Amino acid sequence: MYLAYGARALAAGTLGVALAATAATGLALTPAGPAPARTQASVIITPGVRHLQRESRQGPSTTAECEQTIQIACYNPVQVQQAYHLPALYSRGITGKGATIVIVDPYGSPTIVSDLRAFDRTENVPNPPSLRIIRPAGKVPSFNPNNANMVGWASETTLDVEYSHTIAPGANILLVETPGGGSAGTVSMPQIVTAEKYVIGHHLGDVISQSFVATEQAVGSAGIQALRGAYLAAYPARVTVLAGSGDSGATGFEPDQRNYYTYPVTSWPASDPLVTGVGGTRLNLNASGNRNSADTVWNDTYSQTANQLVNGDNGPDPLASGGGRSVMFGRPSYQGTVSRVVGGRRGVPDISMSAACTGAVNVYQTFGGQPAGWYALCGTSEATPLFAGIVALADQVAGHPIGLINPALYRLAAEHAPGIVSVKSGNNTVSFRQGGRSRTVYGYSAGSGYNLAVGLGTVNAQYFVPELARLAGR
């Protein structure tokens, strides 16, 4: 069994310089206070992927089989599609046709083309019109199955591609692979910025899915300012940019990537006002994909089963939907309707999708470094490509890319549009042991309306897709 959750490690950049306001958008980008003074040559990211046992069956396990053998639920594409009411759109020809989903991952996967083909054949998902791979930031080194980071990014790539495709089977997929550079297999965030700017500047895609995070304090205001270029370029180009809100609940890693902050923090790039932050929910589905109960906030921190599968111990370890108030960005105008929750700061996330490790999704992968076969993966690395597929469907309905969707999301919520579904239970409080002590970082609870655990809630795509196309597509 192999469980992966959002690629979350992103080390510190140069800190201590205030963020400038973005006049082009009118969004207030203001640090809440000075960032601690740190210096580092560049911001680097590594995948937050965990290598565990493969599913025992030759084909993807059913929910019942996963519950029996590894004590968690796992879901297949037909269940996920039904959970978000997608068949009603597919029956009308709304499959993402004409849209292009951009997946950005360091190294990529050497077997993604054949793995997606096998996944589609087994799961009865149509092949995408196009799966194209480009490397605009430089040559990508040959895959090394003994390099844990390469293996981790290959799994991240597989999850991103297979489940964005699950939601929007008629959309094109553009996989953007970036090179490494670090001796240990790390990769630089500036390379990703370069690659994304290339995609945006050459009009190669409509929605960008990113599954990596860093706590804002670990990057710092100067680091964030230096790395926002792709998002500033995406705004006038009407390219939607998504990012997972993180998998550590109300906390996140310090710059050493080993210790957690002992007070609430928020992660970037999800906190950027030009990015849509995607949080995580827990689905509880039957074999057909219909809900046995309402969605809750994803929080597996206190699940011994999830911790054994992900971390190899009984926990508690932070394993929950990231969310909170930014210390780097002031409240954007589109969050004025939720000012009572966010105060004067940017609130994260904006929207949420399935992410729970106790309700994971089946993924097929055959690259080296692990046995080939079916694995159950989870986290906001799942939620983000799922929502990228939703945006691609709305792009098709609108007839063109819809760009920054956040103003439309909050307007739809204010209008009580049926496509946005409140998540009313759960929280993202997490606990862990650190420095010989038990620590708890108290987070935020769900409820009707906006909250800092899952944002506005989740979606019923049958209604949400045309609603989003109507507002954001103007």
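Analyst: Start with a helix pair: helix 11 (residues 380–398) packs on helix 13 (residues 461–472) at about 55°, and their axes are 8 Å apart. This is a predicted model, in which local features need pLDDT of at least 70, side-chain atom pairs count only at pLDDT 80 or more, and totals for chains, interfaces and linings use all residues. Residues are numbered from 1 along each chain as its sequence is written, and side-chain values use heavy atoms, with hydrogens and water left out.

User: How are the helices and the axes defined?

Analyst: Helices (H or I, at least four residues) and strands (E, at least two) are DSSP runs numbered from the N terminus. Axes are lines fitted to C-alpha atoms, for helices over the stretch in contact, and angles run from 0 to 180 degrees between N-to-C directions.

User: Which class of angle do helix 11 and helix 13 fall into?

Analyst: Angles under 35 degrees are roughly parallel, over 145 roughly antiparallel, 65 to 115 roughly perpendicular, and the rest oblique. Helix 11 and helix 13 are therefore oblique to each other.

User: Which residues make the contact between helix 11 and helix 13?

Analyst: Contact means heavy atoms within 4.5 Å. Helix 11 contributes F387, I390, L393, A394, V397 and A398, while helix 13 contributes A461, F464, V465, P466, L468 and A469. An α-helix has 3.6 residues a turn, so residues three or four places apart point the same way.

User: Where does G389 lie, and is G389 buried or exposed?

Analyst: Buried means under 20% relative accessible area, exposed over 50%, and partly exposed in between (1.4 Å probe, protein chains only). G389 lies in helix 11 and, because its relative accessibility is 0%, counts as buried. Leaving aside neighbours within four places in sequence, G389 is in contact with I101, S164, I167 and A168.

User: What does helix 12 pack against?

Analyst: In helix 12 (residues 406–414), the buried residues are N406, A408, L409, Y410 and L412. They pack against strand 12 (276–282), strand 15 (345–348), strand 19 (420–421) and helix 13. H416 follows helix 12 and has a positive phi, near 55°.

User: In which sense do strand 20 and strand 21 pair?

Analyst: Two strands pair if DSSP finds at least two bridges between them. Strand 20 (residues 430–434) and strand 21 (residues 437–441) are antiparallel, over 5 bridges. T440 in strand 21 is the bridge partner of S431. The hairpin has 2 residues between the strands, and G435 takes a positive phi near 60° there.
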